[in-house]
Amino acid sequence: AVGLASATLLAVGVRLAISVRGLRSVTLHRHRQSLTDHLTGLGNRRHLFDILDAFFLDAAHSSIGHRRLAFLYIDLDGFKEINDSFGHSAGDELLRQLGSRMRVCVRDSDAFVRLGGDEFAAVLMDADLDAATAVAQKLTASLVEPFALDAVSVRVGASIGVSSAPSDATDSAGLVSCAPRSSSETRSTCGSSPRESRIRTR
């Protein structure tokens, strides 16, 4: 009887351990989903703020010299016209291709996210404005080649605003809000004609 009871308890313990592991796996999967833009597979706005909040929290409690961080806000030019002309499915495919093409312009240690709509962002760890401007130039250069959407070939431009921490802001919301303001003052042209992509820093 004792042996049977022990075996029963062991079986219950095994089932409980399996259930806990399964629950943790589901929880981790859902957490990852909550941080991912489902269209492009990039990180999303929530993921961006998780990174920035952690950076500023670490900076506030660190006794060592402040680390630097550069934030790039990328606003596509000409996307709405393509979306309106060829439909939302074409627009979605363009965003997927854009995400893949631009993601390789940043380091593995950096983050590249889709904020929503035709807005993207990059977080460059331990980078100054010179390094951020160089990355911005790489991002705009990646848009030179047209994108193939079924039977059509399209081009888009980009306006990129650059801000940095801690010089421009000491919190996540402040850093994110000042970069779009820096890009809104000048825009790039788009279409089949030659264009100049504008990069603006704070």
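The model is predicted, with local features requiring pLDDT of at least 70 and side-chain atom pairs pLDDT 80 or more, while totals for chains, interfaces and linings use all residues. Residues are numbered from 1 along each chain as its sequence is written, and side-chain values use heavy atoms, leaving out hydrogens and water.

Serine 163 belongs to strand β6, residues 157-165; strands are DSSP runs of E, at least two residues, numbered from the N terminus. Serine 163 counts as buried because its relative accessibility is 0%, buried being under 20% relative accessible area with a 1.4 Å probe, protein chains only.

I turn to the rings. How many aromatic pairs does the structure hold? There are two aromatic pairs, where ring centres of Phe, Tyr or Trp (its six-membered ring) lie within 6.5 Å, and planes under 30 degrees apart count as stacked, over 60 as edge-to-face and the rest as tilted. Phenylalanine 55 and phenylalanine 56 form an edge-to-face pair, 5.3 Å centre to centre with 80° between the planes. Both phenylalanine 55 and phenylalanine 56 are buried. Phenylalanine 112 and phenylalanine 120 are stacked, at 5.8 Å centre to centre and 20° between the planes. Phenylalanine 112 is buried at 3% relative accessibility, and phenylalanine 120 is buried at 0%.

Definitions and conventions: Helix = DSSP H or I, 4+ residues; strand = E, 2+ residues; numbered from the N terminus. Buried < 20%, exposed > 50% of the residue type's maximum accessible area, 1.4 Å probe, protein only.
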